[in-house]
Amino acid sequence: MTTAPESPNRLYFGDNLDILRQYVADESVDLIYLDPPFNSNATYNVLFRERSGEESAAQITAFEDTWHWGWESETAFQDVVTRGPDRVGSLLAALRQFLGQNDMMAYLTMMAQRMVELHRVLKPTGSIYLHCDPTASHYLKLLMDAVFGYGSFRSEIIWRRQSAHSDARNYGSVHDTILFYVKTDQFVWNQSFQPYETEYVEQYYRYTDDDGRKFMSGDLGAAGLQGGGYRYEWKGVERVWRVPVETMERLDSEGRVFYTRNGIPRIKRYLDEAKGNPVQDVWTDVQSLRSWHQERLGYPTQKPEALLERIINASSNEGDVVLDPFCGCGTATVAAERLNRRWIGIDITHLAITLVRHRLHDSFGDALRPYEIVGQPTDSGSAAALAEQDRYQFEWWALGLVDARPANDRRRGADAGVDGYINFFDDNSGRPKRIIAQVKSGHVNRGMIATLKGDMEREKAEIGVFITLQPPTEPMRQETLSAGIYTPEHFPDQQHPRVQILTIDELLAGQSVSYPRGGAPATFRQAPRRRRTQGRQSSLV
């Protein structure tokens, strides 16, 4: 049995299957939300075609790293069929006969492995929400039925993420699917509500008090009410009432009784006191993120915090543990932090971990509770091991040490000598200045510094940073000196080397890039500041 971590507030770098098996204890998580990567924009013939020959790289780019049938998928398939629950293995075997060996089957096989582990770590009172789209939702529902039992299915939630979508040869795709399952019948459930639609308010809340409060009138009569009522005469009207005469007197004195033209008393039900409608399984009131939303960070699959807050409020209580095994830019962790839950986030890219770290600190500042990052290099030896395993991940991790944003997707083209950049302000013009960064894990020499200086001139960068795993040579240090000093006009007392060499050991020891810090950094889009809520329910705005 895996032992539980001392502090559940953790970000893990690595494959979530390995992290779940190594670090997350049995029945230790109260709520799981996962939004696994899957590109439904790929055509069905690509998804389901047998791998019998070469294909265009453009067709398989979205799947070649994670969901591509190969030896890893074959090994995972055998692992589930031979060692996993019998129902899950039987389902996968049947699906393989039906689908064949393709990207969809690879996706379902990898998900099956992870779903078995998620079932293990979920508490008996826990719930799981799987966010997907119609491309694979029907297969995933079969998989979750096999893992959790078909009786554990609670809802298929339809989230309308946009109001219109143009498609000349099909119906517009405007929704995602969220599959809601529980582990047992003893699951946590907090009834949640959503605001009334405008048409409903206009139809029913059509009265207005002198103070401007809108209300609808409710029946005070008890005719047909089970359990009877109270018979008496009230202001000339005798009937069976819902409330005793003492309550009627109090309501009338408080101005909460509305009299019709016929003098019939009815109770005022104020709009500002109404909870709204209980949330149904079609969500149209949570808006997808648009370019003008302050919350948007530029992450391609980012979900709105309101969506996660609704799920977390409904299926967990304060102090519970929320797990997101595909945390991306960290929406679930931010929502959990805001709602006073503990959290665990896992992602396989250092870029995502860096984004989550920035987002948490931007959102909560000094109020952010302590958390730990597990799986990142802690010394030059583990950094070298990461570079040997995956130089792209090493590069993204190293850039994260100086809070630099990667310049581009190295897998999709040349980087033109620039691996990352830092934007900063040192005047009132509103125009950010730029620092470019290069990362090297292998042999280094003086010529690389000369190349960096040329890149700085081309990019019109004020400062250049050379990050190296290996110690720099003396000629390299001499070359940096020839670049001179950058002195900002508005801060003449500050002097910063125009070219700087930083080793991984120095960065891990706390050294940082020297540059003017007269304004807020502009490298990453800043997340809006958040406050923790008091109590369970929170507003969607």
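pLDDT is the predictor's confidence in each residue, from 0 to 100. This is a predicted model, so local features need pLDDT of at least 70 and side-chain atom pairs 80 or more, while totals for chains, interfaces and linings use all residues. Numbering runs from 1 along each chain as its sequence is written, and side-chain values use heavy atoms, without hydrogens or water.

Q: What is the pLDDT over residues 536-541, and how many contacts does the model have there?
A: It stays under 50 on that scale, with 20 contacts (heavy atoms within 4.5 Å) beyond four places in sequence.

Q: What is the mean pLDDT of the protein chain?
A: The mean is 86, and 87% of the residues reach 70 or more. Residues 39-65 fall below 50, yet that stretch has 39 contacts beyond near neighbours in sequence.

Q: Why are M476, E479 and T480 said to lie on the same side of α16?
A: These three are buried in α16, residues 474-481 (buried: under 20% relative accessible area, 1.4 Å probe, protein chains only; helix: a DSSP run of H or I, at least four residues). They cover an arc of only 100° around the axis, so they share a side.

Q: What do the buried residues of α16 pack against?
A: Helix α15 (446-459), plus β21 (463-468) and β24 (499-503); strands are DSSP runs of E, at least two residues.

Q: Which residues have the most contacts inside the largest nonpolar core?
A: Y129 and F394, in a core of 58 residues. Such a core is a set of buried Ala, Val, Leu, Ile, Met, Phe, Trp, Tyr and Cys joined through side-chain atoms within 4.5 Å. Helix α10 (305-315) gives the most to this core, 6 residues.

Definitions and conventions: Buried means under 20% relative accessible area, exposed over 50%, partly exposed in between (1.4 Å probe, protein chains only). The arc is that of the directions from the helix axis to the C-beta atoms.
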